[in-house]
Amino acid sequence: MPMSEALLEKRLAETPEMEPCDGVKLLYQSQFGCGHLLPPDGQLAKRIRAERDETPENASLPPFSFIGNGLCRMNLAAPAIRALPSERLARMMTLTAEDIPPLQPGDERLPDFERELSLLRAAAQAGRTSFSAAALDSYLAEYRAAGYPPVSHSPRYRAAYRPAYRVISGDFAVLLPLLSAIEGRSAQGRPVLAVLDGPCGSGKTTLAEKLSRLYGAPTVHMDDFFLPPELRTPERLSQPGGNIHYERFLSEVLPCLTAGETFSYGSFDCHRGVTRPVFLPQSPVRIVEGSYALHPRFEESYRAADALTVFLCVSPAEQLRRIEKRSPALLERFREVWIPLENSYFQAYDIESRARIRLKSMPWEGDA
């Protein structure tokens, strides 16, 4: 989602010492991320560590400031960020740059960038910036003529705010409590099992994929345990959480998953009615994601593994918006069948309160 007018106004109000280049830098990062800042392999973590060591800790600073388009500035002065290994922060930047490449000649994102620049000019014209619209126009004329290069902060901005941040995907901001817990266990040499449950459309698969790439962690998807037709009896479907093949998950996955060994399990293709093998290699971090992942039948095994159990929250309105965007033809099916089934499971077993970590999934343009 692009930088919204409301979010831009919020960022401008927080940093009234901005000059035109600082406003343009904010919007440039919102569109084109951090790829232009990546040094050669092996240097990124070293540079982050050096800057963090030179930056005084600031407990009043939020770990992340969102800048639109699903991106955020990760503040190196914030205690929660300082506690993470610099190698992990570097990996976040690298993954973000893989998903959002740097600006290229003739880039199709330039019209969106220009639309955001028009929001900045409107704010300047309305007197909501420390610089005038004329000053911005003068800066932009030279900037466009130069081919939209990356921008540095002004001396005035640096003196006022001492910026020390990196631009990364906002998904890592959502994941921060879980990342902190994973790092704490990893530092002790302990294996990690992270289990993500929550409503459809809450971001479970997206966040699990980010975790998997961040840690090189194999993932078990609960969609692989779709209930086969012969088990979809009225009695079975009347059970909260009965529409998942929990017996097969219990027998094929949990014993090997919590032991940390290499194993395979069957992934059921509900469209073709066939099962294919999925292999999970050994790894210090493993992930389970999907609706019904925290079914109470699995609780004993999770407790034995000291699993990091996570519940993802999303507002009903945002849930439906995401589902409609992702699968418009199935929206009514979700609304009438699958969402009520999930809700009955969440309520019957009080899944949210039983999870150790609660994460809030949200649309970025309206968040802090």
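Reply: Let's start with exposure: buried means under 20% relative accessible area, exposed over 50%, and partly exposed in between (1.4 Å probe, protein chains only). At 25% relative accessibility, Asp306 therefore counts as partly exposed. Keep in mind that this is a predicted model, where local features need pLDDT of at least 70 and side-chain atom pairs count only at pLDDT 80 or more, while totals for chains, interfaces and linings use all residues. Residues are numbered from 1 along each chain as its sequence is written, and side-chain values use heavy atoms, leaving out hydrogens and water.

Me: What share of the 368 residues in the protein is buried?

Reply: Buried residues come to 50% of the 368.

Me: How many salt bridges does the structure hold?

Reply: A salt bridge is a side-chain nitrogen of Lys or Arg within 4 Å of a carboxyl oxygen of Asp or Glu. This structure has 27 of them. In one, Arg356 pairs with Asp306, and their closest N and O atoms are 2.7 Å apart.

Me: Where do Arg356 and Asp306 lie?

Reply: Helices (H or I, at least four residues) and strands (E, at least two) are DSSP runs, numbered from the N terminus. Arg356 sits in the loop between H17 and strand E10 (357–360), and Asp306 in the loop between H14 and strand E9 (308–313), so the pair ties together parts 50 residues apart in sequence. Arg356 is partly exposed, with a relative accessible area of 47%.

Me: Which residues do salt bridges with shared partners join into one network?

Reply: That network is made of Glu98, Asp99, Asp171, Glu209, Lys210 and Arg213.
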